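Please brief me on the local features of this model. Keep it short and group the points by topic.

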Amino acid sequence: MTGKLTEPRPRNRLEGLDLARFLAFVGMVIVNFKIAMGAEGGSGPLAFLTSALEGRAAATFVVLAGIGLGLTSSRGLDQTISVTIKRAVFLLVIGLLNMTIFDADILHYYAFYFLFGVLLLPLNNRALFAVLIGLNVAFTIMILTLNYDAGWNWDDYTYSGFWTPTGFIRNLFFNGWHPVFPWLGFLLFGIILSRAALSERTTVIKLIVGGAIAFGLAEGVSTLLTAPFAAIDPELAALVTTQPVPPMPLYMLAGIGAACMVIGLCLLISNQLAAFGLLRLVVPAGRQTLTLYIAHILVGMGTLEALGMLGGQTIAQAVFASMAFCIAATIYALLWSRWFKRGPVEALMRKVAG
């Protein structure tokens, strides 16, 4: 048993990933509710927490998607490519529909992450790392040569021209909320992780420690360079930011580090949580995150709108609303899983795309 997670390895390995997916979902709800409720600024522990989650929760989600894609490919590459392309089309349609009511939709970006990711699956880890680095280099060149502000009204976070061919491509690949350059790198990193021995305790420990080092290095370098760069030109400070907008290389490193820590910790403690009966309470929600993502917009934000709470709220109110929704979503998923194997949207995607 030395160096191994306790039995049963395959089941708890997947449940550890489901736990990480659940936590990433909770983080995304907090961030999105904060933005929708206009709970900007402020200080204190809650403000620090919500700020720390911005870009990190979504990045963890994409890394987990890459792990899932990589694990699925072990069943056969040709079948994986075929099914994934169909699911990418499904996500694109759902995401564009969602864009009509929620400008910060991530699903249509996911469609292209999966499309490009599945085509890169045959590459070995070294080649995938090279592509990941190339995405960051390319984005840095783009931000130095192109107008990152094009289309944006930063006062209310609206984006003009999204539904035009030029605006759509610019938003998708360059200056949207989660652009393919460089966000595809998170999915590629997940594919690389899927090839590691994640059931090995030593691997999990390395994941946690390595993630902490990467996160700390990114934040430390950013802190050291921000003031000197800002003194030369305030816009230069954006090149060393670890904030998700714009997603510069240090942000990507911090996001990968945070994802490694969360995933590693979830894999490490999943057996203990299962022994206390706690894991089974959140695993169903972790397996229905597509359904719950859409629900947090239609149901969660719809309820906030009906209550007149979109805009002008405090950080505490945003966090309370997020927790209330996540608790309700967890209870729903737990009850739903008693009769159905998959969430409604997951079942629809499987029916449509295979």
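Is Y157 buried, partly exposed or exposed? Y157 counts as partly exposed, because its relative accessibility is 34% (buried means under 20% relative accessible area, exposed over 50%, partly exposed in between, with a 1.4 Å probe and protein chains only).

This is a predicted model: local features need pLDDT of at least 70, side-chain atom pairs count only at pLDDT 80 or more, and totals for chains, interfaces and linings use all residues. Residues are numbered from 1 along each chain as its sequence is written, and side-chain values use heavy atoms, leaving out hydrogens and water.

**Backbone features**
- Y157 sits in the loop between strand 1 (152–153) and strand 2 (158–159). Helices (H or I, at least four residues) and strands (E, at least two) are DSSP runs, numbered from the N terminus.
- Y157 is not a glycine, yet its phi is positive, near 60°.
- A cis peptide bond joins F181 to P182, with omega near 10°. P182 belongs to helix 8 (residues 180–194).
- The bond from V245 to P246 is cis, with omega near -5°. P246 lies in the loop between helix 9 (201–232) and helix 10 (249–275).

- Helix 13 has 22 residues, so at 1.5 Å a residue it should span 32 Å (1.5 Å times one less than the number of residues). Its end C-alpha atoms are 31 Å apart, which agrees.
- Buried residues of helix 13 include I315, A318, S322, F325, A329 and A333.
- An α-helix has 3.6 residues a turn, so residues three or four places apart point the same way.
- A nonpolar surface patch is formed by M323, I327, I331, L335, W339 and F340, with about 640 Å² of accessible area together.
- Patch members have over 30% relative accessible area and no salt bridge; like charges are joined within 9 Å, nonpolar side chains (Val, Leu, Ile, Met, Phe, Trp, Tyr) within 5 Å. A salt bridge is a side-chain nitrogen of Lys or Arg within 4 Å of a carboxyl oxygen of Asp or Glu.
- F340 lies in the loop between helix 13 (315–336) and helix 14 (344–353). F340 counts as partly exposed because its relative accessibility is 45%.

**S73 and A130**
- S73 is in the loop between helix 3 (56–72) and helix 4 (77–99). Its side chain reaches the backbone oxygen of G70 at 2.5 Å.
- A130 lies in helix 6 (residues 125–145). A130 is partly exposed, because its relative accessible area is 47%.
- A130 and G185 are 55 residues apart in sequence and 10.0 Å apart in space, C-alpha to C-alpha.

Conventions:
Areas by Shrake-Rupley, 256 points an atom, 1.4 Å probe, with all protein chains shown as cover. Polar contact = N/O pair within 3.5 Å; in protein donor to acceptor, adjacent residues only side chain to side chain.
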